[in-house]
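The sequence and structure come next.

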Amino acid sequence: MTLEEYLNHDDGTDTRYELVNGELIAMPPESRLNVKIAIFLLTQFVKLGIPEDQIAMKTQIAVSGLRATAREPDLMVLSEEAAIALEGAPQSLITHDMPPPLLVVEVVSPNQESRDYRYKRTEYAGRHIPEYWIVDPIAQKVTILEWVDGMYEEQVFQGNDAIASPQFPALELTAVQVLSAGR
């Protein structure tokens with residue numbers, strides 16, 4: 001399936017899909033914990049003064065794969081330019097010709113660890129996304145990947161470690177605050 005075919009796909013159900021290497025992959029329903037963590041982070045970014053139109057949920061991003069691939073992160077923080085480009089778009093999809101988001105956040109779901117740690121890491125690197133968070137309530141850690149000189153550098157935060165966000169240095173959160181947001 002091409003990206004265009006994917007964007008026009010309607011199977012008459014409420015099933016959410018990602019496009020992975022040209023194939024439709026049904027997304028499992030989000031756990032309540034994952035949703036709560038994403039909403040908690042959204043509110044923290046709003047408190048930082050990031051305009052609401054630069055914070056995206058339920059927005060997809062086209063990434064590189066063997067064939068057409070579109071992912072739906074749990075949360076994205078867009079640059080002003082990306083938000084403007086998305087405003088006029090017919091669908092909530094950041095295409096290859098749009099600026100990448102400043103930050104992508106994925107909350108790991110059970111049995112999906114390799115998707116977030118391995119595959120999406122490579123795909124987001126291909127878009128040169130400056131910062132990628134992997135929030136893992138299963139392993140009780142927050143991994144922050146920063147795009148530096150053509151590759152991601154990784155920092156892992158656990159417990160009361162203060163999260164150090166390169167894109168948002170004013171953010172004052174600990175790993176446990178993020179991980180316990182849904183509890």
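E123 and R71 form a salt bridge, with their closest N and O atoms 2.7 Å apart. E123 belongs to helix α4 (residues 113–126) and R71 to strand β5 (residues 69–71), so the pair ties together parts 52 residues apart in sequence. The model is a predicted one. E123 counts as buried at 9% relative accessibility, and R71 counts as buried at 4%.

A search of the whole structure finds three salt bridges. They are listed here.

| Salt bridge | N to O distance |
|---|---|
| E123 and R71 | 2.7 Å |
| K120 and E106 | 3.2 Å |
| R121 and E154 | 2.8 Å |

K120 in helix α4 and E106 in strand β8 are 14 residues apart, and their pair links distant parts of the chain. K120 is buried, with a relative accessible area of 1%, and E106 is buried at 2%.

R121 in helix α4 and E154 in strand β11 are 33 residues apart. R121 is partly exposed, with a relative accessible area of 24%, and E154 counts as partly exposed at 45%.

Strands β8 and β11 belong to an open sheet of six strands, in the order β3-β6-β8-β9-β10-β11, with mixed pairing. β3 (55–56) and β11 (151–157) stand at its edges with a single partner strand each, so one side of each has no neighbour in the sheet.

Strands β6 (residues 75–77) and β8 (residues 103–107) run antiparallel and are joined by three bridges. V77 has L103 in β8 as its bridge partner. Helix α2 (residues 32–47) lies across β3, β6, β8 and β9 (131–136), at about 15° to β6.

Note on methods: Residues are numbered from 1 along each chain as its sequence is written. This is a predicted model: local features need pLDDT of at least 70, side-chain atom pairs count only at pLDDT 80 or more; totals for chains, interfaces and linings use all residues. Side-chain values use heavy atoms; hydrogens and water are left out. Two strands pair if DSSP finds at least two bridges between them. Helices (H or I, at least four residues) and strands (E, at least two) are DSSP runs, numbered from the N terminus. Contact means heavy atoms within 4.5 Å. Axes are lines fitted to C-alpha atoms, for helices over the stretch in contact, and angles run from 0 to 180 degrees between N-to-C directions. A salt bridge is a side-chain nitrogen of Lys or Arg within 4 Å of a carboxyl oxygen of Asp or Glu. Buried means under 20% relative accessible area, exposed over 50%, partly exposed in between (1.4 Å probe, protein chains only).
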